[in-house]
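Look through the sequence and the model before reading on.

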Amino acid sequence: MFVKICGLTEFSHVEAAVDAGANAIGFLLSPSPRQVTVDRARSLAAAVPDSVLTVGVFAQEGPDEIRKIATQVGLRAVQLHGAYTQADFAALRDLPFAQVRAIAGSTEADTRCGAFGEDYLIVDSPRPGSGEEWDWSCLPSRPTGKWLLAGGLRPDTVARAIAQAKPWGVDVSSGVEKTRGVKDPSLIRRFVAAARCAQ
Ligand SMILES: O=C(O)c1ccccc1NCC(=O)[C@H](O)[C@H](O)COP(=O)(O)O
């Protein structure tokens, strides 16, 4: 089970996620309570071993801005949330970054990973990063390929979510925070362990 921890802002939390065995770590580079500056993201990303995917999360920047920021930070992947088109993904394809397409699972968006040429698909709640649970049993069509379930997952709910939705991976932010925007290392450890034990 592939596990991504999103919205990290502190070195100690990056270390906790890496030590816990996370496969990917996300940095918010768009407006959010978890947003980090380009300089901060670059420093945090430099502390992550090559085996872990560093993902920059974007929600409103255009391809040129994403290209610039992702290169400055030294990311290994970009995650595009919202109204990004197939053309936006194509415009970034020449970069040496993996691509993550994040969609709201409650919409009619294409749930096939790779439909826009992306490497990973995140099927999220209608309000990304809100921590709100949503009804993933009501997906209009079953996602395929390397898809991650996200949206309101927590250490005590992730096993049930995996059993029901059978995703390729999971993604969490709010569920491993003690207060909004502030991660808790013990919750990170519990989340990764619970996801890894789940079937
Ligand atoms: O975290 C945010 O504030 C955010 C803002 C805009 C776009 C995406 C955002 N977050 C993405 C994520 O943290 C995760 O991919 C996912 O939505 C899980 O969030 P959560 O429900 O908080 O676990």
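A residue is buried if 20 or more other C-beta atoms lie within 10 Å of its own, exposed if 12 or fewer, and partly exposed in between, with the C-beta atoms placed from the backbone. This is a predicted model, in which local features need pLDDT of at least 70 and side-chain atom pairs count only at pLDDT 80 or more, while totals for chains, interfaces and linings use all residues. Residues are numbered from 1 along each chain as its sequence is written.

Start with Y120, which lies in strand β6. Helices (H or I, at least four residues) and strands (E, at least two) are DSSP runs, numbered from the N terminus. Y120 has 25 other C-beta atoms within 10 Å, so Y120 is buried. Two residues are in contact if their C-beta atoms, placed from the backbone, lie within 7 Å. Setting aside neighbours within four places in sequence, Y120 is in contact with A98, V100, C113, K146 and L148. Y120 and W168 are 48 residues apart along the chain, and their C-alpha atoms are separated by 9.7 Å.

Now take R34, in the loop between β2 (24-28) and α2. Is R34 buried or exposed? R34 counts as buried, because it has 23 C-beta neighbours inside 10 Å. Its contacts, leaving aside neighbours within four places in sequence, are G7, T9, L28, S173 and G181. From R34 to A198 the separation is 164 residues in sequence and 28 Å in space, C-alpha to C-alpha.

Two other residues fall into the remaining classes. E15 has its place in helix α1 (residues 11-20), and it counts as partly exposed because it has 15 C-beta neighbours inside 10 Å. E15 and P49 are 34 residues apart in sequence and 9.9 Å apart in space, C-alpha to C-alpha. K166 is found in the loop between α5 (158-165) and β8; it has 12 other C-beta atoms within 10 Å and is therefore exposed. Most residues other than glycine have a negative phi. K166 is not a glycine, yet it has a positive phi of about 50°.

Next come two helices. Two packed helices are described by the angle between their axes and the distance between the axes. The axes of α2 (residues 38-46) and α3 (residues 63-73) come within 8 Å and cross at roughly 45°. Here axes are lines fitted to C-alpha atoms, for helices over the stretch in contact, and angles run from 0 to 180 degrees between N-to-C directions. Angles under 35 degrees count as roughly parallel, over 145 as roughly antiparallel, 65 to 115 as roughly perpendicular and the rest as oblique. α2 and α3 are therefore oblique to each other. On the α2 side the contact is made by V38, A41, R42 and A45, and on the α3 side by I69, Q72 and V73.

A nonpolar core is a set of buried Ala, Val, Leu, Ile, Met, Phe, Trp, Tyr and Cys residues joined through C-beta atoms within 7 Å. The largest one has 57 residues, of which I5, A17, I25, F27, V78 and V170 touch the most other members. Helix α6 (residues 185-197) gives the largest share of this core, 5 residues.

A residue is near a molecule if its C-beta atom, placed from the backbone, lies within 6 Å of it. There are 26 residues around the ligand, and C6, S32, G129, S173 and S174 come nearest. β6 (120-124) and β8 (169-172) each supply at least two residues of this shell.
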